[in-house]
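I opened this entry to keep track of what I looked up, one topic at a time. The structure goes in first, and my notes follow.

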Amino acid sequence: MQLFKDELPPGLWLIKWIDRFQFGHNAEAAKVGVSLQKLPINTVEELDQLTDDDVKVLLGTPPRWASTSAAGQEQQQAFIGRLLLAAYLPQLQIGYVIEATRCVGRLRSKEKTVQLDYNTVQEARSIGDERAKPADWTVNAPYRVLNSFEYRIAGGIAEVYKSRCVIFRHGNTEYILPRMVIFKAFYGMDSITISALCSGDWPTQVQQLLSFRTYVSGIFTDKAPTTGPWHIVLQPGVDEKLAAPLALLWCDAEGRKHATSLHTDSLQQNQHRRGSEGRHWFASAEIPHRLGPNPFEMTFQGYELRARNPSRPEKFKRFMVSAIVASSWSLPDQLIFVESHTSNAEGEEKLPVDEDRSYRSGRPSVEGDQDALATSDEDPDATESVNIFHGGAFRFLNEPKVEDQKKALSQQFAKRQQQMPSGASSLVSGGDPTHAAVAPAPAEIRQLVRQSALQFEFLIRALEALHAAGKIDMFEPIEPVQSDLTVVRNELRCWSLLKQKDREKGRVPKKGWEVVKGDAPSQSEVQSEREHVPRHARAVLILRIQINDRRLVLFEIEPRPKGPTFVMFVFEEQDPIDLFSVELVLNHIRDHEGIIPDDDLSFVFSAITSAQVFKPRHSYKYASVDPAHPKRPTPAIGLNTESLRMALRAVFEA
């Protein structure tokens with residue numbers, strides 16, 4: 001998806017800051033400011049060669065006493081700004097690198113996990129606020145929340161110094177958490193939630209997302225916050241992955257208060273502004289989860305900031321958060337009953353109805369074209385199919401308890417209104433739907449569920465080592481073209497092994513080979529089900545690997561934690577792979593539960609290749625034996641890279 005309709009100037013541009021929502025004079029859809037910094041490198045490959053020190057130099061303006069040896073130190077920093085529709089926020093992140101019109105990479109970041117509770121001291125500030133100067137601060141300049149020597153934002157967003165953040169300490173690190181990052185993680189998960197929250201007061205706009213009508217089936221949405229089980233009915237087109245976050249923001253008193261405050265605070269920021277200026281405001285989001293005596297855990301991506309003087313160790317390091325990629329679900333015992341406005345689930349009693357269904361199932365949707373141009377200057381055609389795109393990935397570290405609402409009665413209509421989707425469009429917009437004569441197609445960006453897989457991490461690390469040693473020329477993931485087949489592992493877009501009916505429903509079944517469960521909190525399977533052990537769809541990582549002028553395709557199946565691994569499936573790529581046919585192969589892999597006899601290999605992979613398929617096994621490296629416990633098994637710490645190289649070479653030499 002090309003988010004920048006007007007090409008940026010030549011070169012690579014780093015997204016340095018995102019904030020300042022804005023409405024135009026005609027009350028068009030909300031937009032948001034993006035500040036970009038010109039990078040002193042020319043190719044995406046150079047991004048991977050930057051050291052940690054190089055990254056720190058790129059982020060800030062070097063102080064006078066700093067060394068001038070790091071990359072880009074003497075390069076004059078250039079900044080530009082762009083105004084994009086707020087609906088595109090799920091595809092925007094500090095640290096992304098843009099070339100011309102699209103994201104082509106990201107600046108190397110670090111990942112850190114923190115724990116907060118009600119004793120954590122949080123300081124609410126704007127990034128331009130002055131703070132007490134450190135004892136060794138001798139520069140004749142104010143010391144601010146975010147100083148230019150450590151993280152410079154020199155342009156692109158008006159009044160950027162007013163951008164808000166939260167500061168807190170965990171361990172020996174002080175974290176700067178922008179309010180916009182909080183908004184994206186807990187409120188602006190998808191385009192539709194962003195549009196609703198930016199369009200007006202929450203009690204009114206929530207009706208775009210949740211249905212409050214009276215249903216003969218008995219399903220309903222709670223009208224007031226409740227301390228008992230929560231009930232919600234999703235409007236047509238609302239992704240079921242949003243059920244738990246939306247229930248928190250509506251059915252929980254604390255969550256609703258924070259969601260409501262987003263609009264009221266935006267109005268307060270505009271109290272003394274002249275009408276001719278248009279309404280604009282900076283993100284003010286709070287973490288909607290209650291902090292109690294039990295730790296609330298979050299996983300951050302971001303950047304360690306440069307010290308004032310690298311030769312003098314500081315008491316606290318500083319870390320600028322660019323994204324929240326995981327968090328606790330703070331209400332582990334809260335039951336959430338959810339149903340969809342267009343659900344065809346059967347009730348206890350069935351009532352045949354000899355007429356057309358009385359309401360539509362929402363606008364049809366189609367997988368978006370990754371080369372589509374996204375405009376921020378036009379609103380979309382309300383009659384066109386919605387083009388679905390993918391944004392960042394997020395997950396709850398413990399599973400919310402989400403179950404189906406039970407229908408007392410279900411009507412069985414003779415016919416159901418159905419509108420066939422049109423094809424993917426080359427020009428799309430995330431704005432408010434319009435009925436203009438000529439307009440782009442609607443675009444919706446949905447958040448993906450983030451998981452990690454140690455086996456995939458081992459494989460990627462081994463391939464990176466082979467690439468660095470010149471043993472392979474390159475490797476890249478082969479990604480799904482259908483949104484319902486996409487799952488995220490270790491920042492890679494992999495393929496889901498769920499059955500089609502489960503993917504269409506949007507939920508992971510409680511059991512089956514295609515389901516991967518986390519570590520259970522107890523040994524009893526009965527207790528594990530009751531305590532909602534986290535579970536997710538088993539994934540397949542598919543990679544293309546080039547050695548000299550020949551290419552291999554490798555399938556790696558995700559194992560369960562502490563469970564046995566599967567062999568890899570590798571073959572030489574002779575013709576381009578039909579990505580739509582990969583689903584047929586995945587169905588066969590699921591039917592065989594990952595263990596495919598040699599006699600069946602050709603048939604299983606026949607939809608995508610006629611080449612011979614090989615089944616190399618993994619060879620692992622293990623941790624050193626603990627002298628105090630010599631008989632204790634040692635864990636695997638990676639793959640044997642030489643063994644992997646020989647296995648890949650064997651495909652060509654057979």
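**Cysteines**

I started with Cys165, which is buried, at a relative accessible area of 0%. The model is a predicted one, and I keep that in mind for every entry below. Next I looked up Cys198, which has 7% relative accessibility and therefore also counts as buried, the cut-off being under 20%. Then I searched the whole structure for disulfides and found zero. I noted for myself what I had been searching for: a disulfide is a covalent bond between the sulfur atoms of two cysteines.

**Helix H3**

Cys198 took me to helix H3, where it is one of the buried residues. I looked up how much of H3, residues 191–199, is covered, and seven of its nine residues are buried. Besides Cys198, I wrote down Ser191, Thr193, Ile194, Ser195, Ala196 and Leu197 as buried in H3.

**Strand E10**

How many of the residues of strand E10 are buried? I went through residues 230–234 and the count is five of five, so E10 is largely enclosed by the rest of the structure. I then sorted the side chains by direction. Trp230, Ile232 and Leu234 point one way from E10, while His231 and Val233 point the other way. Both groups are buried.

I also checked the pairing of E10 with strand E14, residues 335–340. The two strands run parallel and are joined by five bridges. For Leu234, I found the bridge partner in E14 to be Ser340.

**Helix H10**

In helix H10, residues 582–591, I listed the buried residues: Val582, Glu583, Val585, Leu586, Ile589 and Arg590. They cover an arc of only 155° around the axis, which means that they lie on the same side of H10. I read on past the end of the helix. Glu593 follows H10, and its phi is positive, near 50°.

**The whole chain**

I finished with the totals. I counted twelve helices and 32 strands in the chain. Of the 654 residues, 51% are buried. Last, I looked at contacts in the chain with a separation of 6 or more: residues 24 or more positions apart account for 72% of them.

Key: Residues numbered from 1 in each chain as written. Predicted model: local features only at pLDDT ≥ 70, side-chain atom pairs only at ≥ 80, totals over all residues. Heavy atoms only, no water. Helix = DSSP H or I, 4+ residues; strand = E, 2+ residues; numbered from the N terminus. Buried < 20%, exposed > 50% of the residue type's maximum accessible area, 1.4 Å probe, protein only. Contact = heavy atoms within 4.5 Å. Disulfide = S-S within 2.5 Å. Arc of directions from axis to C-beta. Pairing = 2+ DSSP bridges.
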